[in-house]
Amino acid sequence: MCSRSPDRAAAAPAFALAAMLLLLTACEREERRFEPPSPGARVKTEQRASMIASYERNAYAVATGKRLWTWYNCNGCHAYGGGASGPALIDDVWIYGGDALSIYTTIAEGRPNGMPAYGGRVPEDQLWQLTAYVRSLAGFATRDSAPNRDDALLTRPPEALGDTRKPETAHPSGATVQP
Amino acid sequence: MPAHDYASTRYSPLSEISTANVGSLRLAFTFSTGVLRGHEAAPIVAAGMMYIATPYPNIVYALNLAAPGAPLAWKFEAKPDAFAQGVACCDVVNRGAVYADGRLFVNALDNSTIALEAKSGKVLWRYRSGDVRAGETRIMAPLVVKDRVLIGNAGSEFGVRGWLAALDTSSGREAWRAYSTGPDRDVLIGADYRPFYAKEKGADLGVSTWPRDAWKRGGGTAGSWISYDPDLDLIYYGTAKPAPGNAEQRPGDNKFTSGLFARAARNGEARWFYQLTPHDEFHYDAGNENILIDLALPGGVRKTLVHPDSNGYVYVMDRTTGEVISATPFVHVTSSRGVELDTGVLRYTPDRQQRTGIVVRDICPASAGGKNWQPSAYSPRTRLVYIPHQNLCQDEEAIQVSYIAGTPYMGAIVKMMPGPGGHRGILTAWDPVAARAAWTIREDLPVWSGALATAGDVVFYGTMDGWFKAVDAKDGKALWQFKTGSGIVGQPIAYRGPDGKQYVAVLSGVGGWAGAVVARDLDVRDGSAAHGFANAVPDLPLRTTKGGMLYVFALP
């Protein structure tokens, strides 16, 4: 529901302001971005921070990222978050950083230990959708934007239901833990 | 060589350590490899040294057995391309080096084969024969036959095209290469090819049993065990599963995947082929070891090949002709209903077959197989084959998959689980003549280590929670055990030291496909992690921890 409530606004202005903020946040969940970065376009670093939030809080972006996860064979190496030849992503250990920009960079540019670069091969928009989905696997997307069901054989609790965020821990190999 | 001999018996003729005294076996020395991944290698003992090949980053250590405590004589670091780690399907293991004529040959994960001077560790040559960016890796132990080193690629999961090649031992130059898919000239099928069964005959089956061009990324890699019969001058090896994992995307028998090849060692020409799991829908592979033994069967002594396959059957075959003499389940099987011996056909169970988008339940054995890479041993004294293996079933859903070079070409969601009885591992002593188990030992965790049989009638194997065990070869009675630091997935060996005493050695260090959840820090809350193995061993991270260490035992 994205309509505003004038009755309540009149009765309690402070409450209304809070409610509006909440509703505005909730609206992001349903928002469709009709002007995504054009295919092949490179987004400037300073623009990225604001883009991150808009993808992560948007159910459509996260759900699309989830579909791409299988389309682009991410599942082949990382399974459905538990990992295989690639590292687990539902845990709290991030070899190259778990903030959205680091995850984006990992997907776009690849990493030397076996992560291939997807940048330049898939549209910029999809890289951000994948980033948002990886964040949701780790429990960093908002609960209302993260998917809550699987289309195929369920192998772990749905992204929106599992609270996978754990306190910061040190990793024996010196990997960083984010955020 | 890791398999002890060309026949791959893993039988040591040493008898100093016997059923009578093995109970007093003591630790002689240890050595830390400094590597934390799955240690699947067999230590190799030759010329007064012990050679250890570690998992990635593929270090070779030479220990001087003549000096007290076996100090390090030299160390070689292969420094393979780090990218290989991400495309090694299951763990970054290495199955051991091989020694021949003063040289040591070892593979590295990035498809390098390296020849070292055994005395000094000096590099004689290095040859890289695969592309990690396409998903090719190398984990096998090479085999040296005369002046050739035999190697094969791995990476069926990534849709690479399988091959086996022979390199010149003195230069590393490729003498021949035999592909597992494609036209006959690539597969080295010519005038000498005489398969036993009609289903293996025809022109260019490596093309015609696939959808158009699918053979080019059809898997069937040959990176596992190789055996050799010097009298017949034939090598024997199995090919891996076809790609992709979603079988509906590759209608046909998908030759020459998931089957056994016999080839002339000198030129690689195929003599026979037998496809154990045609159109493999279960990711079974046929890379398990082939034990070449002559068996007194009804009707006379025959030159046989004994192959306990992933698909759940022990195959006893005539290794001259490729005829299946018997094929008997050694584990619970629901995916098929037996092998027709007159046609060689494996009869599948209709309701266990894949359909895209449908969850198929209770597939036994699981895709890790009734048995996987872990090599069996054969004792000519008991005439039993000691098979270390697992008891796992799985649920699976096939999903549509696209080929993207360097990414897995799978198309299957898998969740494995314990088979009937709830125990996940078994050591089976198999009578290949009677085609039945003589005795079995149940283990809670999959038995992912190799087996060793000795003339002292002792069988050694290890468990994934770190116990190194000795049992009576005749009846399986427990005789001795020792708790090592990490889970054991390596290959035990017996050797005579420079002091004349018998020693038993094994590498501890959990990993491999079964131990990947520990070795690779996977998250077992996702049952599909490690290609579904996580669902079968969610307790493993609490049962063992990483750590590569050599343990050597002797009598006091």
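Two strands count as paired if DSSP finds at least two bridges between them. Keep that in mind for the exercises below, and remember that this is a predicted model.

**Exercise 1. Describe the hairpin made by β9(B) and β10(B), and pick out the turn residue with a positive phi.**

Step 1: Join the strands. β9 (residues 112–117) and β10 (residues 123–128) of chain B are antiparallel, with 5 bridges between them.
Step 2: L116(B) has V123(B) in β10(B) as its bridge partner.
Step 3: Look at the turn. There are 5 residues between the two strands, and G121(B) in the turn has a positive phi of about 85°.

**Exercise 2. Decide whether K199(B) is buried, partly exposed or exposed, and list what it contacts.**

Step 1: Locate the residue. K199(B) sits in the loop between α2 (184–187) and α3 (205–208) of chain B.
Step 2: Count neighbours. Within 10 Å of K199(B) there are 17 other C-beta atoms. Buried needs 20 or more and exposed needs 12 or fewer, so K199(B) is partly exposed.
Step 3: List the contacts. Setting aside neighbours within four places in sequence, K199(B) touches T343(B), G344(B) and V345(B).
Step 4: K199(B) and S376(B) are 177 residues apart in sequence, and their C-alpha atoms are 29 Å apart in space.

**Exercise 3. Sketch chain A: its elements, its domains and how those domains meet.**

Step 1: Count the elements. Chain A has 7 helices and 0 strands.
Step 2: Of its 179 residues, 37% count as buried.
Step 3: The domain assignment gives domain 1 (1–30) and domain 2 (40–179) of chain A. The contact between them uses 4 residues from domain 1 and 6 residues from domain 2.
Step 4: Sort the domain 1 side. Its residues are 1 nonpolar, no polar and 3 charged.

**Exercise 4. Find where chain B touches chain A, and what the largest nonpolar core draws on.**

Step 1: Size the interface. 33 residues of chain B contact 28 residues of chain A.
Step 2: Find the elements. On the chain B side, α1 (84–87), β28 (392–398) and β29 (412–418) each supply at least two residues. The largest share, 3 residues, comes from α1(B).
Step 3: Sort that side. It divides into 17 nonpolar, 8 polar and 8 charged residues.
Step 4: Turn to the core. It has 209 residues, and V60(B), V459(B), V517(B) and F533(B) touch the most other members. Helix α7 (residues 124–137) of chain A gives the most to this core, with 7 residues.

Key
Residues numbered from 1 in each chain as written. Chains lettered and ligands numbered in written order. Predicted model: local features only at pLDDT ≥ 70, side-chain atom pairs only at ≥ 80, totals over all residues. Domains from an automatic or database assignment. Contact = placed C-beta atoms within 7 Å. Nonpolar A, V, L, I, M, F, W, Y, C, P; charged D, E, K, R; others polar. Helix = DSSP H or I, 4+ residues; strand = E, 2+ residues; numbered from the N terminus. Core = buried A, V, L, I, M, F, W, Y, C linked by C-beta atoms within 7 Å.
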